[in-house]
Amino acid sequence: MIAQPRPKVQPWARPNREKTLWVSVASVLPALLGVGLAFALQLPFAVALIVFFLPIQLVAAIAVGIRFAKIKGAKDAVLTVFVVFFTALVFVLLLSVLESVFTRGLPTVSAHFLYQNNRYISTTTSLEYGGVGHAILGSLLVVLITTILAVPLGLLIGVYLTTSQSKMRNLVRSFTQALSGLPSVVSGLFVLAAMSYFGFSERTGFTGALALFPLMLPTVARVAEESLRLVPQDLRWAALGLGAPNYRAFFQVILPAAKTGIMTAVLLGIARIIGETAPLLLTMSTTNGTNLNPFSGALTTLPTFIYGFLNAGYSSSIARSWGAAVVMLLLVAIIFISARVITRKPSGKGKGK
Amino acid sequence: MAENSNATQVRRKLAVKPFSKGDKLFSRVTTAAANFAFVLVALILFFLFAQSWPALQSQGPAFLYGNLWDNTPGVDTYQLGPMIWGSLLIALLGVLTATPISVATAYLIAFMLPNRLSKVATTLVDLLAALPSVIIGLWGVYVFTPVAQEWAMLLNKYLGWFPLFSVDNIDQGFTSSPFIAGWIVAVMIIPIITSVTREIFSQLDRELINGALALGASRYTVLRRVIIPTSSSGIIGGVLLGLGRAIGETVAIFYVLQLSMDINLFKVLQPQGGAVASWILSRFAEATETEFHALMAAGLVIFIVTLIINMIAGAIVNRSQPWRKA
């Protein structure tokens with residue numbers, strides 16, 4: 001029952017054929033009945049689900065539960081039904097998002113959609129022209145700048161949290177945690193407020209990157225801390241015992257040992273910010289052309305592209321939004337999968353036990 | 001930990017103080033970086049406060065409870081009451097929806113699924129967390145709203161006598177309501193609550209659970225008497241983290257909710273509501289000079305509220321996860 005390996009052969013567990021049979025009947029029959037009734041009475045799916053399927057499933061589960069373990073079994077049955085139902089709901093929501101993005105977005109995506117920019121494209125231009133090339137470049141550029149700013153600092157905070165003996169440590173940790181819940185729109189307003197305080201008015205890619213910085217920093221710091229903590233203290237002590245100063249012990253022993261964990265920290269940090277929209281809308285002007293200079297001129301990223309074309313409200317512009325959403329999801333997926341692959345390596349971050 | 005002053009109890013610590021030049025520099029650099037966490041919070045507070053001061057001064061306390069937002073030069077009245085109430089209402093709906101779902105999912109992952117499946121399920125929940133909010137918003141408008149509209153119609157038809165599910169005018173339709181926004185927020189905070197709860201479940205004392213099972217307890221009894229009492233504070237911490245996120249959610253709500261300065265107290269199916277963060281986004285583009293300061297003040301309000309919620313949540317989660325402290 002607990003998530004830990006059980007011996008394959010369980011001589012004490014006598015197989016109970018009758019119980020297996022009834023449990024499988026109770027899990028299949030209600031679904032069939034629910035579907036059948038829905039079709040027979042021409043009911044919408046939602047009504048059939050709540051009015052027929054769930055009660056029938058509950059009654060069936062309770063009946064089987066009582067049959068084998070009296071009232072105790074009934075309670076367990078109710079618990080199981082609700083737990084499975086709720087979890088299924090979560091996965092249905094997730095699959096619904098993925099499915100809708102791909103079915104609605106893929107028709108828009110084509111080779112030119114990936115590399116062309118949107119210069120001379122209006123919201124009603126047909127989909128044969130224009131694309132998200134400029135937005136992909138913009139996203140990568142802004143994320144790169146934020147990464148360059150946030151990763152060293154986040155890493156150093158992680159180092160401080162794992163090596164310092166100071167009493168401030170817990171306070172630093174709780175502030176970092178609190179920052180990780182910073183609403184993204186506030187982060188954008190913060191940069192905007194600072195800009196207007198200093199009388200600086202040009203909204204460029206760099207100011208957008210600055211607005212993403214407070215969002216990325218805590219993620220990097222937290223994951224870096226966790227992966228540094230997984231390096232055995234003995235390694236550090238051995239290095240110190242051989243006469244290495246703290247910083248060399250860190251750079252030559254701890255950092256190489258925690259390398260994969262730190263890569264994960266960077267990737268998770270990027271995943272945190274790559275989809276941010278609100279702060280960029282506040283701090284960056286958008287454009288339809290390609291701009292590779294973050295310090296002057298407007299810059300568009302994928303999320304702001306989606307936002308802009310969705311707001312325009314024409315069917316072709318909305319189709320562009322869905323297409324950009326597919327590209328966005330693929331970018332997120334690449335980051336996500338590489339983070340998983342890195343952590344799976346044996347030298348990497350294991351499950352803390 | 002209180003050190004005993006008894007001399008025999010003193011244990012030597014390795015490398016207590018940096019002594020070489022390089023070490024001193026290293027320790028100073030890391031400490032400076034760590035202090036930057038405070039500096040950043042202070043900077044955010046300072047700049048937001050500096051920019052919102054004109055608005056706070058001119059609007060007074062009515063900024064928080066009044067319900068008029070007029071940027072006509074000369075009138076310049078900015079009050080945020082309906083938006084603040086709407087934010088709370090949506091966050092509450094989202095948390096009430098997400099909590100049972102998340103705890104159930106975490107329970108299934110931690111205690112019922114076989115190892116391999118539970119890893120897959122964990123990955124999928126993390127994937128849900130990685131979905132950008134603009135995509136959730138897009139999905140919310142074009143896929144979720146039509147479905148939710150149908151549900152809302154049914155709720156209103158059969159439970160409309162209950163004030164919560166009543167609407168002023170049935171012809172307005174059932175889109176863009178706090179009900180839908182609450183669900184969208186729930187989709188975004190389910191992964192947060194689930195992962196915190198799952199972590200706490202997976203670190204529970206196995207001996208306790210095995211002992212209870214050996215004594216003949218059923219699954220339900222174990223949940224009720226062992227799992228919930230030992231992990232409830234951690235779950236509450238996770239729920240608070242979700243609440244913080246719900247209050248700060250901007251883009252997704254902006255799409256699925258009809259923002260209105262007419263306060264909607266509790267009619268969750270009515271197509272009017274409020275959310276401070278989305279209000280900032282919707283007013284920002286054509287804000288006048290004075291309105292700009294008022295929007296900064298709105299940002300300050302969300303920042304302070306979420307900071308407090310997150311601080312409390314962090315403290316609770318940390319206390320219920322002692323294994324995280326080195």
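## Basis of the model

This is a predicted model, in which local features need pLDDT of at least 70 and side-chain atom pairs count only at pLDDT 80 or more, while totals for chains, interfaces and linings use all residues; side-chain values use heavy atoms, with hydrogens and water left out. Residues are numbered from 1 along each chain as its sequence is written, and chains are lettered from A and ligands numbered from 1 in the order in which they are written.

## Fold of chain A

Chain A has 13 helices and zero strands. Helices (H or I, at least four residues) and strands (E, at least two) are DSSP runs, numbered from the N terminus. Chain A is more spread out than a compact globule, because its radius of gyration is 27 Å, well over the 20 Å that the globule rule gives for 353 residues. That radius is taken over C-alpha atoms, and the rule is 2.2 Å times the number of residues to the power 0.38.

Along the principal axes, the C-alpha atoms of chain A fill a box of roughly 75 × 70 × 35 Å. Of its 353 residues, 50% count as buried. Buried means under 20% relative accessible area, exposed means over 50%, and partly exposed lies in between (1.4 Å probe, protein chains only). Contacts (heavy atoms within 4.5 Å) also reach along the sequence. Among those in chain A between residues at least 6 apart, 71% join residues at least 24 apart.

## The interface between chains A and B

In the interface, 92 residues of chain B are in contact with 93 residues of chain A. The size of an interface is often given as the accessible area lost when the parts come together. Here the two chains bury about 8700 Å² between them, with 78% of it on carbon and sulfur atoms. Buried area is the accessible area (1.4 Å probe) that two parts lose on being put together, summed over both.

Nine residue pairs are in polar contact between chain B and chain A, with both residues at pLDDT 80 or more. A polar contact is a pair of N or O atoms within 3.5 Å; within protein, one must be able to donate a hydrogen and the other to accept it, and residues adjacent in sequence count only if both atoms are side-chain atoms. The count of salt bridges between the chains is zero. On the side of chain B that touches chain A, helix α1 (residues 21-59) gives the most, with 21 residues. That side divides into 63 nonpolar, 21 polar and eight charged residues. Ala, Val, Leu, Ile, Met, Phe, Trp, Tyr, Cys and Pro count as nonpolar, Asp, Glu, Lys and Arg as charged, and the others, Gly among them, as polar.

## Salt bridges

Over all chains, the structure holds six salt bridges. The term means a side-chain nitrogen of Lys or Arg within 4 Å of a carboxyl oxygen of Asp or Glu. A:Arg173, A:Glu225 and A:Arg229 are linked in a network of them. A:Arg173 pairs with A:Glu225, with the closest N and O atoms 2.9 Å apart. This pair links distant parts of the chain, 52 residues apart: A:Arg173 is in helix α5 (residues 168-180) and A:Glu225 in helix α7 (residues 205-229). A:Arg173 is buried at 9% relative accessible area, and A:Glu225 is buried at 7%.

A:Glu225 also bridges to A:Arg229, at 3.1 Å between the closest N and O atoms. Both lie in helix α7 of chain A, four residues apart, about one turn of the helix. A:Arg229 is partly exposed, at 29%. In chain B, B:Glu249 pairs with B:Arg245 at 3.8 Å between the closest N and O atoms. B:Glu249 is buried at 8%, whereas B:Arg245 is partly exposed at 33%.
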